[in-house]
Amino acid sequence: MLSGPPADPATPTMQASGAPSAVPLVGETGEISEIPERASGAASARSLWTTPLLLSAAGVLALLIALFGPGLMARGTGELRIPGAGLTTVLRTVLFAALALHLGELLAPQLIRPVRGRPRTAVRSWAVLASLAGAAAAAGQIVRLAAVSDLGITETYGTREGGLLLLIANGLVVAALCAASRRPALALAPLAVVIGAEALRAHPEVYSPEFGAALTVVHLTAASLWTGGLLYVLRTMWLWRGSPVAARALLGRYARLAIWLYVALAATGTASALRRLPLDVVFSSAYGRTLLLKLALMAVVSVLALAARRRMLRDTDPSVAHRLARREQVVLGLVVVVSAVLTVVPDPHWISLRP
């Protein structure tokens with residue numbers, strides 16, 4: 001039989017030695033040891049400055065790749081130098097990032113809404129600023145095209161590339177207006193026009209440009225949803241860090257969708273590579289070298305995504321999976337830059353020995 005009053009849950013339990021287990025340890029000097037608290041505080045302090053530092057380093061690396069990547073990839077290939085290739089790559093990187101941010105903000109709320117017990121707070125929208133930045137990047141490409149072609153702005157609009165860039169710029173402005181309205185989902189229509197125009201602009205070749213444009217539409221859409229959706233999910237998980245169950249459920253919903261986006265990317269990317277890159281110039285053309293770099297980065301993204309999914313399934317605390325997903329996001333940002341380089345380097349068919 002039990003004797004005595006029931007134990008008070010707030011009362012520290014006694015160890016065999018008679019010392020309460022909840023009492024802090026006392027060191028040899030008589031000072032209270034606070035090693036766990038100090039270690040936790042140090043880890044938090046490190047995360048406060050390491051994350052911005054790593055993001056800044058990734059941003060600098062991305063800018064260097066955009067500015068000097070086309071020239072480095074074409075070195076020793078004998079291909080013609082493209083005027084202003086670095087600036088064009090920067091502008092197209094901004095354009096691709098704008099598409100990803102806006103499409104991600106249209107996709108992610110559909111993943112958030114069914115999560116049970118979620119906090120009612122939402123992250124701040126970046127869609128308006130992103131689309132305006134993309135429109136400015138498209139306008140910048142028009143100015144660069146006019147300068148390189150020695151044409152006036154109005155005459156540049158009459159060219160195929162100039163007309164498509166003008167359509168892209170106007171489409172992004174309309175998308176920004178839709179995002180600022182009470183029905184932001186209306187931005188899907190102008191964004192679809194933007195993706196279609198960019199796909200046509202990226203395929204001026206004479207050999208089956210329609211098929212190449214169709215592949216690019218699927219590829220660019222899947223890449224934008226993957227990259228932009230992940231960023232929105234990570235921002236939301238950080239906002240929900242006090243509700244780990246809801247944050248874990250959100251990441252799980254995104255991971256299930258990301259599998260299909262990955263399949264679409266792999267299928268269209270493989271078909272585009274086989275169509276556009278002759279095998280005999282894989283290592284001797286700027287396009288082939290850039291594509292190999294993109295594949296290497298995608299392999300890193302795949303490993304990080306699989307690791308995040310395994311930790312998410314194994315642990316109830318989503319913090320580790322969140323950290324792996326953040327690294328995946330950084331590498332995806334570099335993939336966006338390398339993809340922009342791919343749209344700038346010359347078509348490799350002219351140096352191929354195949355008929």
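Q: What share of the 355 residues in the protein counts as buried?
A: Buried residues make up 41% of the 355, where buried means under 20% relative accessible area, exposed over 50% and partly exposed in between (1.4 Å probe, protein chains only). This is a predicted model, in which local features need pLDDT of at least 70 and side-chain atom pairs count only at pLDDT 80 or more, while totals for chains, interfaces and linings use all residues. Residues are numbered from 1 along each chain as its sequence is written, and side-chain values use heavy atoms, leaving out hydrogens and water.

Q: What makes up the fold, counted in helices and strands?
A: The protein has 10 helices and 0 strands. Both are DSSP runs numbered from the N terminus (helices H or I with at least four residues, strands E with at least two).

Q: How do you know whether H10 is enclosed or open?
A: Count its buried residues: 18 of the 24 in H10 are buried, so this helix is largely enclosed by the rest of the structure. H10 covers residues 319–342 and reaches 35 Å from its first C-alpha to its last, close to the expected 34 Å. That expected span is 1.5 Å times one less than the number of residues.

Q: Why is Thr236 called buried?
A: Its relative accessible area is 3%, so Thr236 is buried. Thr236 belongs to helix H7 (residues 209–239). Beyond neighbours within four places in sequence, Thr236 is in contact (heavy atoms within 4.5 Å) with Ile112, Val123 and Leu250. The Thr236 side chain also reaches the backbone oxygen of Tyr232 at 2.9 Å.

Q: What makes Glu161 and Arg92 a salt bridge?
A: Their closest N and O atoms are 3.3 Å apart, and a salt bridge needs a side-chain nitrogen of Lys or Arg within 4 Å of a carboxyl oxygen of Asp or Glu. Glu161 lies in helix H5 (residues 160–180) and Arg92 in helix H2 (residues 85–112), so the pair ties together parts that are 69 residues apart in sequence. At 5% relative accessibility Arg92 is buried, whereas Glu161, at 25%, is partly exposed.

Q: Which residue in helix H6 does Glu161 also link to?
A: That is Arg201, whose salt bridge with Glu161 has its closest N and O atoms 3.7 Å apart. The pair links distant parts of the chain, with Arg201 in helix H6 (residues 188–201) and Glu161 in helix H5, 40 residues apart.

Q: What joins Glu198 and Arg201?
A: Their side chains meet in a salt bridge, 2.9 Å from N to O. Both lie in helix H6, 3 residues apart, which is about one turn of the helix. Through shared partners, salt bridges join Arg92, Glu161, Glu198 and Arg201 into one network.

Q: Why does Asp150 count as exposed?
A: Its relative accessibility is 69%, so Asp150 counts as exposed. Asp150 is found in the loop between helix H3 (127–149) and helix H4 (153–157). Its phi is near 55°, a positive value in a residue other than glycine. Most residues other than glycine have a negative phi.

Q: Which residues form the nonpolar patch on the surface?
A: They are Val60, Leu63, Leu64, Leu67, Phe68 and Leu72, with about 550 Å² of accessible area together. A nonpolar patch joins side chains (Val, Leu, Ile, Met, Phe, Trp, Tyr) within 5 Å, in residues with over 30% relative accessible area and no salt bridge. Val60, in helix H1 (residues 35–74), is partly exposed, with a relative accessible area of 49%.

Note on methods: Patch = residues over 30% accessible without salt bridge, like charges linked within 9 Å, V, L, I, M, F, W, Y side chains within 5 Å. Areas by Shrake-Rupley, 256 points an atom, 1.4 Å probe, with all protein chains shown as cover. Polar contact = N/O pair within 3.5 Å; in protein donor to acceptor, adjacent residues only side chain to side chain.
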